[in-house]
Structure formats: structure tokens, C-alpha cells
Amino acid sequence: MTEIGHARLRSEDTRLITGRTRWTDNLTPAGTLHVAYLRSPHAHARIDNVDVEAAKRRPNVVAVLSGKDLAEEQGALPCAWQVTEDMKLPAHPPMAVDEVRYAGEPVACVVARDRYSAVDALEDIDVDYTPLPPVVDMEQAVQEGADLVHSDMGTNASYTWVFEQGDLDAAMRDAPVVLERRFVQQRLIPTAMEPRAVLCEPDGSGPTMDFTLHSATQIPHILRLMLSVVTEIPEHRIRVVAPDVGGGFGSKLQVYGEEVLALLLARRLGRPVKWTESRSEGNMAAHHGRDQIQKVTLAADRDGIIKGLKVELLADMGAYLMLVTPGVPLLGAFMFNGIYKMDAYSFTCTGVFTNKTPTDAYRGAGRPEATFAIERLMDELAAELGVDPIEVRRRNWIRHEEFPYDTIAGLTYDTGNYEAATEKALALFEYDKLRAEQKDRRERRDPVQLGIGVSTYTEMCGLAPSRVLGSLSYGAGGWEHASVRVLPSGKVEVVTGSSAHGQGHETAWAQIASDRLGVPFEDVKVLHGDTAVSPKGMDTYGSRSLAVGGVALYRACDKVVEKAKAIAAHLLEASEDDLDFGGGRFSVRGVEAAGLSIQEVSQAAFAAHDLPEGVEPTLDSDVTHDPDNFSFPHGTHLCAVEVDTETGFTKIREYVAVDDVGTVVNPMIVEGQVHGGLAQGIAQALYEEAVYDADGNLTTTTMADYLLPSAADLPHFTTDRTETPAAGNPLGVKGVGEAGTIASTPAVVNAIVDALRPSGVRDVPMPCTPERVWTALREGGAR
Amino acid sequence: MIPPTFEYLRPESLDEAVRMLPDAGEDAKVLAGGQSLMPLLRLRLAYPDALVDLDRVAELREIRDDGDAIVIGATATHHQVVRDPLVREHAPLVAAATATVADPAVRHRGTFGGSLAHADPAGDLPAVALALDVVMLARSASGGDREIPAREFFVDWMTTALEPDELLTGVRIRKPGPGWGFHYEKFHRTAQAWAIVGVACAVRRVQGAVEDVRIGLTNMGSVPLRASAVEERLGGGTLSDSALREASEHAAEGTEPPADLHGSADYRRHLARVLTRRALTAATTR
């Protein structure tokens with residue numbers, strides 16, 4: 001069996017599932033001090049005084065520091081995405097000094113010999129606050145005369161970003177059907193299984209002092225550079241290690257104040273310092289996701305052919321701009337058109353400051369929000385015209401023979417086959433049968449109504465071509481690096497800059513190397529997540545690992561084979577042109593017996609006794625791959641829900657996901673990603689919401705209030721695939737990390753609205769809680 | 001994550017536990033599984049001086065036959081209760097409701113008596129205790145043994161009739177005679193979540209007529225409540241569909257349901273009516 005396409009169990013799972021591994025919190029070097037943070041109980045307040053004296057006198061306490069104590073050295077947390085020239089970018093101190101701007105912002109810290117003493121001493125820190133008016137509501141925040149989050153800026157609007165293509169005014173004016181909707185993407189808390197944790201060990205002193213920082217991060221390489229920029233500790237003195245990391249979903253694509261402060265405290269105290277957050281602390285202070293108000297207007301003709309789309313967004317930034325905060329909603333700008341053709345499009349987004357936890361990337365980052373809006377609109381259009389929602393999509397989508405296709409949003413979709421994925425999904429779902437049952441239940445006025453929701457999504461993966469990031473004013477590139485080292489014994493080490501935090505790179509990358517080099521799977525070891533081991537990398541986010549990092553590895557393997565081929569040809573006294581490579585062996589065409597294994601070549605390259613002219617010893621290669629284009633997974637998801645109209649409870653009865661993620665390296669990993677993605681997307685539709693009260697206090701600080709579904713709440717998922725290889729890379733891969741999350745939310749909400757439409761319901765705000773469904777039914781029925 | 005400092009006491013027998021409790025002070029708490037108490041400590045919402053851990057008191061874990069009743073020991077775990085043949089035969093409502101408590105991990109640590117003594121009106125078991133009219137068995141060093149009927153046990157939000165030095169040792173549940181039907185109807189958003197509203201009902205019918213009916217409501221006030229207005233309407237009558245429907249409309253009478261993220265007070269009143277009808281229907285349909 002070839003390794004690419006082999007559903008292999010993941011070799012990293014034994015240690016990840018048992019937890020007997022290097023989670024950051026499992027690491028406690030001798031002499032480690034423990035940090036605890038005092039956090040603001042106010043959404044917005046002036047800090048008049050912080051008295052740390054009593055806390056300092058507590059047993060086992062080594063240091064107690066306020067923001068003022070660190071003001072000279074702590075710098076400001078970075079934002080890498082200046083989306084417009086006039087974007088308002090407030091200074092963001094790792095620890096608040098004069099003013100707190102969200103509940104949960106760090107105000108002081110205790111460093112103690114054990115964690116209990118550190119947390120106990122927090123209670124003896126006395127802070128005088130003068131409360132300031134909190135800015136909680138985005139729409140009010142942009143009104144004239146609104147209270148300000150940052151008083152020196154004179155506005156709560158950070159930026160307004162515009163994209164326009166085609167004559168939208170004409171499209172709207174001439175269209176017989178114009179649908180306008182307001183959708184709210186509620187604020188979500190990413191909730192990785194492993195909370196944030198950081199350990200910093202200092203070594204030496206003075207200008208040659210070195211630091212090793214372990215962090216539960218997705219981005220060891222970016223973090224290293226940014227820590228250096230913020231603290232002015234030279235980059236080469238900082239080693240960042242992302243050991244085993246237990247999930248992130250974007251929340252660990254960040255440079256956190258606690259990471260900067262770990263470095264500063266370790267430098268100040270000359271001892272290892274460690275901090276691990278509690279779940280409630282994480283809910284308040286790790287960045288949040290989504291939180292947009294979308295006003296969308298769709299123009300179409302009487303046949304349902306789309307003429308134009310207008311998108312007006314307010315995006316909640318929270319109190320500060322963090323690493324990519326302002327750019328997240330703009331990733332959606334390229335996706336609101338979905339898989340559909342249209343003549344005109346306009347997108348406007350205003351980033352708004354509020355006194356809430358900063359937002360940033362969360363699984364899908366901008367694309368789920370966009371996909372939700374367009375897929376909800378397509379169902380609304382179908383209902384308006386009395387046409388089946390599948391049919392209205394068919395009339396508008398890009399046909400498979402039209403690829404490559406330049407979209408109205410300025411992207412070039414390389415490949416796709418929406419017809420094939422949809423046909424497969426309809427058959428698995430038994431669409432016609434469910435429609436018949438729906439009709440029957442409606443006629444019987446069954447208290448349990450059936451609804452069917454459709455989502456024919458696409459998304460952009462493989463972040464990203466560096467030149468595109470440059471054109472969007474992003475602060476870095478989107479390449480990825482891979483090294484392949486064939487060791488003297490013929491075993492293989494692969495080094496990747498894209499470090500997994502649960503995705504299974506160690507297995508998938510070994511499969512790619514095994515396949516390309518013709519060596520056994522077990523002979524490949526994948527190294528990652530340590531800037532001393534993998535010095536170059538752009539890390540893990542945006543479904544980029546395989547489509548960029550995997551392709552880097554593929555090319556690095558080919559480069560090794562190329563070098564090995566030259567050596568083999570030399571040793572076999574044959575021309576390179578007469579050599580074939582397969583199954584890990586170079587053979588001379590037509591001479592069966594004459595050949596060398598790649599292991600033999602590696603030995604020869606190591607000994608270097610007899611190498612061809614100009615060929616260097618050892619068998620290894622490095623490739624930094626910068627993609628030419630994004631990749632565009634797509635698929636058709638169908639969801640059937642049963643809505644109990646008496647209680648408002650929604651039960652998912654059937655869920656079919658047919659995804660086209662291009663070539664599949666490991667089908668089991670892909671299926672796992674789809675399942676997890678569906679769970680998270682369904683959770684946005686039905687369960688999750690970060691709720692703030694009118695004073696700006698987060699009320700969902702525990703999992704009793706912030707509801708996550710478990711396996712018991714989710715249906716059986718019927719998953720399948722079509723496989724249209726990506727044209728933009730030699731592996732043909734697209735990316736699968738976010739597809740399920742992007743596709744599923746609108747499928748579920750469309751199904752709920754479809755169930756209730758005869759009662760006059762046209763929308764249910766997310767999450768569609770039982771009470772909200774019940775309320776929508778009462779209000780819909782009253783219309 | 002990090003509870004405040006407390007004294008930790010671990011008696012080995014019931015006698016020792018009862019002796020220890022008064023000495024542990026007014027602010028001592030009994031630890032009986034810790035599935036509610038430990039989160040309160042971790043979030044620093046409770047600062048007890050001492051915890052008296054019942055984990056080693058083996059005699060409190062027993063479930064035994066007591067003639068015309070069964071007695072469930074206070075520290076029998078939920079898991080134990082759900083699987084116990086005596087409970088399944090003689091207190092099927094307890095078994096059914098307990099099976100809905102949180103998740104398997106919680107059910108392996110959490111205890112029957114712990115849930116009742118915690119007296120959270122959102123917990124499933126207090127309403128069941130009301131519907132079954134159970135008797136709480138308590139003991140103290142000063143007062144000896146005392147029996148407290150369920151209807152007198154829950155006095156306020158998370159407050160019971162137990163004295164500070166008194167320990168809940170077990171619960172006596174009468175074996176039902178013929179004609180009884182039971183059901184617990186729980187409404188929650190996810191399998192692990194608290195009930196938004198729950199309805200526990202016990203109905204005895206003789207030749208079609210309702211001889212006895214008790215309905216306990218979960219999370220409809222500061223204490224678990226009986227749906228007395230429904231009970232009154234059904235008593236003695238036959239259980240026609242329309243009678244049941246009409247009576248259930250009164251399920252929220254006299255309740256003061258909370259409002260929170262998962263449901264407004266109005267919605268809870270509505271749910272109480274719907275769920276009472278469903279619970280009664282299920283209890284009387286075999």
C-alpha cells in the first residue's frame with residue numbers, strides 16, 4: 001500500500017491521550033517559581049493605586065509586581081496587521097498601568113515558591129479603581145458622542161476597510177428581488193482542551209543571558225521574533241519551544257502578555273517562572289472569536305440569478321488589537337460571494353473597540369462568518385422565490401468546466417466540482433424522502449417539525465502566498481520550511497516549521513516522506529516545535545500545514561532523491577537519465593540486477609569516499625515553499641433537524657458532509673478533522689456564546705455557563721468525499737482543518753428556519769437555544 | 001483551580017464522623033464526593049474552615065433492604081445507585097433520574113446524600129425526593145438519630161433542615177405497591193448541563209382513577225417544589241388526555257423560577273407546564 005491515502009493510526013496519540021507527555025504544565029525544573037495574576041474586575045476603570053505590600057509579606061512569596069513596576073521594560077503587545085494606513089492602534093501593555101479596558105486584564109502578579117501561595121497572596125493586593133463608563137455594545141459604540149474605550153483616540157472605530165467590484169448600485173437598482181438581512185455572529189470562546197501555560201528558564205547573565213521559553217502556543221517561530229521585538233531581548237538569545245500542545249483553534253495564534261511577562265520575570269528573578277491559567281481565567285483573558293454584526297443585501301432576478309451582493313460589517317475588536325485582530329474579519333471579504341457568480345460586490349468593514357476581551361483568529365477566522373451569511377441568504381432567496389434551495393444554488397454556482405475561475409472578490413479558484421459533491425450528498429441524505437416526511441409533518445401539524453438545511457461552501461486554505469499577504473499589509477510572509485535528513489544508517493529525520501497542536505503532523509508528514517523516499521513509515525521521525533530544532537517556520541493556522549508545509553516536505557523529499565540520484569548514477573557508472581527510482585531503490589533501466597537503495601546511497605554520501613564532482617557529502621535537503629495561490633476546499637453539507645415546537649428544542653436528526661479537500665494523505669485524520677469541525681460549527685449554531693452583561697462583565701466564565709456539546713449531544717455524522725486535486729501544488733492537497741466549522745453552522749440554522757418557516761419564522765439568532773426558538777415561534781406566529 | 005486553605009478531617013467510621021463534625025466548627029463542610037463542593041472551593045466561592053471527608057466511612061455507602069422500604073446510604077455514588085438492583089426494583093424513579101445527572105465521571109464520584117444535602121434546587125434528586133416523599137435519616141452527637149420527611153428538609157436555597165452538627169446518613173424510600181407509575185422528565189440544553197426545568201412524578205392509579213399523585217419540580221424556585229395545583233386537580237379523577245392536559249396547565253402555580261442564561265422565568269413556567277404533561281403521560285403509559 002502506498003503511504004499517501006493510508007488510514008494509519010496516529011503515532012503521537014498514545015502519549016497525547018494518556019497525557020504522559022510534555023504538556024508545558026507537566027514541566028517543572030528545579031527551583032521553578034509560580035506566577036499568579038490579579039485581573040481587573042471592571043470592564044473599564046482608572047487604576048488609582050496598587051498596594052502590593054501586604055501581599056509581599058505572605059509566606060513563600062518572592063515578588064509582587066504591578067503594571068507600574070514593569071512599565072519601563074514591558075513594551076507593548078504587537079499587532080502584525082496594519083489593515084489601513086489610518087488604522088487606530090492603541091498601545092497594549094502586557095500588564096495594565098493606568099487604565100483597565102476589559103474585565104480580566106492583568107493588573108498585578110505574584111511570584112511565589114508554589115502555586116497555592118501565589119494565588120492566596122492575590123487576595124492581599126489592594127487596588128483602587130475609579131470606574132469609567134464601559135463600552136459594551138458595538139452599534140452604540142460607533143454612534144456620535146459615545147463613551148470611548150481609548151479616550152485619546154476620539155473614536156471607537158479602529159478602521160474602515162472597503163472592497164468594491166462591479167457596479168453594485170446598478171445591480172441593486174435593476175433587480176426585481178432584493179433581500180436584506182441582519183445576522184449576528186455571536187462572540188465565541190475558543191476553549192482548547194489544554195489551557196494556556198508558559199515556562200521561562202533563564203541561563204547566564206548580562207548581555208549573553210539566554211532564555212528558553214516553553215509555551216502552549218501554535219506559533220513558536222512568530223512568538224520568538226515578537227518576544228524579541230517587544231522586550232528588546234535579542235532574537236538569538238530566545239529559544240521558544242512549543243512542546244506537545246493540546247489544541248488551540250486559533251487561540252494560541254497569539255503573543256500574550258503572560259508570555260512576555262514570563263520572560264521579564266525570569267530575567268528579573270534569575271529563576272525559572274511558570275504560569276498555567278485556570279479555565280475561568282482563560283475564558284476571560286485568552287482571545288475570543290467571531291463577534292460581528294452583518295448587514296447583507298442580495299440582489300437577484302426572478303429566476304434567482306444573483307446580480308450583486310452588498311456586505312456591511314461591524315466587527316468587535318475588543319479592547320485592543322492583538323496579533324491579527326483587525327485582519328480576521330477581512331479574510332471574510334474574499335468569501336462572502338461563496339461558490340457563486342455575480343456581477344457586482346461591495347464589502348465594508350468597520351473594526352470597533354469595546355471594553356471586552358480582544359478578539360482574534362478562531363477556527364475559520366473570517367470565513368465561517370462570510371459563509372454563514374451567503375448560505376443563509378441562498379436559503380432565504382430560495383424561500384422568497386419558492387424554489388428548492390439546492391436548485392437556486394445550482395443556477396448560481398460556478399460549473400466544474402468553468403475552472404479556473406476568477407471570482408468577483410478577486411481570487412482565482414483553481415479547481416472544484418460542486419455538482420459532484422452535491423449529487424453525492426443528496427443521495428446519502430435521501431433528500432427527497434426527507435422532504436416528503438417534512439411535508440407530511442406539516443400537514444399533520446406535528447408538534448415536532450422537520451427542517452432541512454443546505455450549505456454548499458468553499459473556503460480558502462493554505463495561508464498564504466507571501467505576495468498576497470504583502471498586498472494586504474500583513475507583517476510577514478506565508479511560506480513554510482521543511483528539511484529532510486537521511487541519516488548515515490538510512491533512517492530519516494524530517495524537520496517541519498509547522499508544529500502540530502493536535503493535528504497529527506508527526507504521522508502525516510512521516511507518510512509523505514515514506515511515500516516519496518520509499519522508506520518504511522517507521523523509519524521516519526518528524527521533529528518540530530522548537531526554534532533550536534526547526535529554526536525556520538511560519539507555524540500552524542489557517543489550514544496551512546499540509547497545503548504549504550506538507551508541500552515543502554514533498555519538494556524537500558524530491559530534492560533529496562535528486563541528489564541521491566546523482567550519487568547513485570556515479571556509483572553505478574550509469575547516466576542519471578537511465579536511472580529509475582521506485583520503492584526506495586535506484587535501478588538502471590534494463591539491467592534488473594544493477595541498483596542501489598536510498599539507504600546505501602546515504603551511507604555513501606556520509607562516507608564521502610567517492611562522490612561525483614561538485615556533490616557535497618551527506619544526504620539532506622532544505623526547502624522553503626511559498627505557495628502561488630490559496631487552495632479552495634469545498635463541499636455540500638445537508639442537515640435535518642427535528643424541532644420540538646412546544647419546547648423549542650432542536651435535535652439534529654441527520655447530518656451529511658461531503659467534502660472535497662483534494663488529495664488525502666491520511667483519511668482517518670481527515671475524518672477526525674471533519675468530525676471536530678462539525679462539532680464546533682454546530683456548537684456555534686446551537687450552544688456557544690460568550691455573554692457580557694451591561695456593565696461589561698463576562699457571565700460565561702465556566703463551562704456550566706458556556707455550553708460545549710459532548711458526543712452525547714451530537715448526531716451520527718455521515719461523511720464522504722469527492723476528490724478534485726488542487727491545481728496549485730504537486731500533492732494536490734487543499735486543507736481540512738477548518739472546513740467542517742465553516743460549513744456546518746449555516747446548515748444547522750438553515751434547517752431550523754426551514755422547520756419553522758410555515759409559522760412565519762424567518763430567522764433565529766445564534767445560538768439557537770430552545771428559548772430563542774420558542775420565542776421566534778411565538779413572534780412568528782403573531783405576525 | 002486553587003482552593004483556599006482548609007483543615008482536612010477524614011473519619012474512618014460513622015461514629016467518628018458524628019463526633020468530629022461539632023469540633024470542626026460552624027464553618028465546616030462535609031465532603032461527600034465533592035462534585036458540587038470542590039468547584040465552589042476552586043472558584044473561591046466558599047471558604048470553609050474544615051472539610052470532613054466521608055470517603056472512608058464504608059457504612060454510609062450501603063444500599064439495603066429495610067422491609068417495606070429500602071435505605072440508600074448517604075455516600076452511595078450515583079453510579080452505584082443507577083446499577084443497584086434494589087433501587088432499580090423499588091425506586092425506579094431514583095434510578096432513572098440519577099442516570100441523567102451530569103456525566104459518567106461525575107456519577108462515579110458524586111453521591112446520593114451529597115446531592116440532597118447540597119440542596120441545589122437545580123439538582124435532579126431533590127425533586128425526586130419530594131415526589132417519592134422519602135424520609136431523610138440524620139444523626140448527631142448531641143441529638144442522636146432523627147427522621148426528617150423530604151417536604152420539611154429543603155428550607156431555602158442550598159439550605160436544609162440539618163443542624164450544623166448533624167449528618168445525613170441515608171434516605172429511606174418506601175417500596176411502592178401495585179398501581180404506581182413514575183417518570184422524570186428533564187429538560188436541558190446539553191447532556192451534561194443542569195436541568196433548566198425537571199419534573200419528577202409518581203402516580204398511583206386504581207381501576208383508572210388517580211389514587212395518589214406527587215409531582216416534584218426541579219429548578220422552579222429557591223427550593224425544589226411540589227406542583228400542588230396539578231396534584232389537587234388530578235386526585236381522585238380519571239386520567240383522560242384532556243384532564244391531564246388541563247391539570248398540567250397549573251404546573252407553574254406558586255413557583256418562583258429563576259432567570260439565567262439558559263432560560264427566562266416565563267420560559268421556565270411554560271416548560272413546567274409542558275414537561276408536567278409529558279411526565280404524567282409517561283408515568284401513566286406502559
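A residue counts as buried if 20 or more other C-beta atoms lie within 10 Å of its own. Keep that cut-off in mind for a helix of chain A. The model is predicted.

Start with helix α14 of chain A, residues 431-444. How many of the 14 residues of α14(A) are buried? The number is one, so α14(A) lies largely in the open. Next, check the length of α14(A). At 1.5 Å a residue, its 14 residues should span 20 Å. The end C-alpha atoms of α14(A) are 20 Å apart, which agrees with that expectation. After α14(A) comes A:Arg445. The phi of A:Arg445 is positive, near 50°.

Now see where the chains touch. On chain B, 18 residues are in contact with 22 residues of chain A. Which helix gives the most to the side of chain B that touches chain A? That is α12 of chain B, residues 265-283, with three residues. By type, this side of chain B divides into twelve nonpolar residues, five polar and one charged.

Chain B is divided into domain 1 (7-53), domain 2 (58-174) and domain 3 (180-283). Take domains 2 and 3 of chain B. Their C-alpha centres lie 21 Å apart. Here 20 residues of domain 2 are in contact with 21 residues of domain 3. The residues on the domain 2 side divide into 15 nonpolar, one polar and four charged.

Finally, look at a sheet in chain B. Five strands form an open sheet, in the order β4-β5-β10-β6-β7. The pairing is antiparallel. Why does one side of β4 and of β7 lack a neighbour in the sheet? Strands β4 (63-65) and β7 (144-149) of chain B stand at the edges, each with a single partner strand, so one side of each is left without a neighbour there. Ignoring direction, neighbouring strands of the sheet are turned by 25° against each other on average.

Zoom in on one pair. In chain B, β6 (residues 135-140) and β10 (residues 166-174) pair in the antiparallel sense over six bridges. B:Arg139 stands opposite B:Leu167 in β10(B). Across β6 and β10 of chain B lies helix α1 of chain B, residues 14-23. Helix α1(B) runs at about 130° to β10(B).

Key. Residues numbered from 1 in each chain as written. Chains lettered and ligands numbered in written order. Predicted model: local features only at pLDDT ≥ 70, side-chain atom pairs only at ≥ 80, totals over all residues. Contact = placed C-beta atoms within 7 Å. Helix = DSSP H or I, 4+ residues; strand = E, 2+ residues; numbered from the N terminus. Nonpolar A, V, L, I, M, F, W, Y, C, P; charged D, E, K, R; others polar. Expected span 1.5 Å × (residues − 1). Buried ≥ 20, exposed ≤ 12 C-beta atoms within 10 Å, placed from the backbone. Pairing = 2+ DSSP bridges. Axes fitted to C-alpha atoms, helices over the stretch in contact; angles between N-to-C directions. Domains from an automatic or database assignment.
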